[in-house]
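Hi there,

I am passing a structure on to you, and I hope you enjoy looking through it. Please open it first; my notes come after it.

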Amino acid sequence: MLNSIFKNKKFNICNLFNLNFIFILLTGSELSYSDLYARYFQADVLINNVSDVKWYIFGGNFDMHSGSGMNEILYLDLMKPFNANSSPWNKNSIIIPVAISQSAICISSSSIFLIGGSMRDPKYQTVNSSSSFYTLNLDDSQWTIPSITGVNETFLGRQVLKAVIDSHRKIFLFGGISFRLNYTVFGDMNIIDMNTMTSLTLPIQNLPRRGYTATLLKNNCIIYIGGKSNESDTSHINMNMIHIFNTTSLSWSNMQAIGDKISSRSGHSAVLTQNETIIIYGGGTGDFIQSEPVLATLDATVNPMRWIIPNNSSTSNAPLSLRYHSATLYNNFMLIAFGHFQTMPFLNNFTLFRPDIS
């Protein structure tokens, strides 16, 4: 279990801020990674069953070239203790039918849905435009292309968007960018009903957006934070402008957040704690101009929502700021893996932080 990592050596542990979070940084020099590639733009999903808890990493790019997509699946078994002298990552025997990067992913019951992104032939890296949807059945480990009616024709190849699935097995896909359609950034909401295998594009539009985060609250509202409205480096969206989509009424609303100043960013991550606090990490602007602070929290229980910069969360005190990395929450731990650091992928970074449990 995760608590056992504190018994191992070579972990850099430091108090980060007054909320008593702890960061544990495992750097590449401390671990043996053999054939694992650095990567970014990967997709990730947490499978959290009673006796089986695994964090899966799907594909990603291993360098700065668009033709460097991977079709491998890595996983981290969170039911086992980590050894500080070897990699905690395992390769799954299942491979993805296509090499992917910048894809969205979600899970429902025993099925993983892989959506959009850059999909290429794993060997020749030629563009694969046969489908924007793949399904992995966890019971028989088989990939299929689901038949979904009503899919927006502009959706094929959409990239850098997030998938949110609710308890009714409806997947909400907002915005994203289409490189095949002159780098168009979209502001539409596409809803896929996995019960009827139908897709609906809402007639209402919001501010075009890519590289954002999407967090589903208990009140059935999705909170969209940050990102860019087009490909210009000056198009980053103000972090105080919180866009909210109500999955029940299918309506948009905006909220102007208050509190501490959080600089604009894209490629960041967000996780939701049990007390409805959204924690964002990393991200940047331009040719990786690091956004400050590296880590911040958004209190989603108040109106208006409030940003809080933790004490000592500046660049000098926080772990490396990554972009287009993976992050998830398991119990009281936030896990952060891989990602893009400055102009190259950062080699096999794996970071955790948790509330103080002493």
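Predicted model: local features only at pLDDT ≥ 70, side-chain atom pairs only at ≥ 80, totals over all residues.

**The largest pocket**

The largest pocket has a volume of about 1,400 Å³. Its lining comprises 45 residues, and those closest to the centre are Ala163, Ala214, Ala270, Ala327 and Thr328. Several strands each give at least two residues to this lining, among them E8 (104-108), E13 (163-165) and E19 (213-216). Strand E3 provides the largest share, with six residues. By type, the pocket lining splits into 24 nonpolar, 16 polar and five charged residues.

**The cavity**

Searching the whole structure gives one cavity of 30 Å³ or more. The space inside the largest cavity comes to about 50 Å³. Residues around it include Phe113, Phe133, Tyr134, Ile171 and Met194. Strands E9 (111-115) and E11 (133-137) each contribute at least two of the lining residues. Here the lining has ten nonpolar residues, one polar and no charged.

**Arg265**

Have a look, too, at the loop between strand E23 (258-259) and strand E24 (269-272), where Arg265 sits.

How values were computed: Residues numbered from 1 in each chain as written. Heavy atoms only, no water. Helix = DSSP H or I, 4+ residues; strand = E, 2+ residues; numbered from the N terminus. 1 Å grid on protein atoms, 1.4 Å probe; cavity = no way out; pocket = protein on both sides within 12 Å on 5 of 7 lines; lining within 4 Å. Points joined across faces, edges and corners; volume = space filled by probe spheres on them. Nonpolar A, V, L, I, M, F, W, Y, C, P; charged D, E, K, R; others polar.
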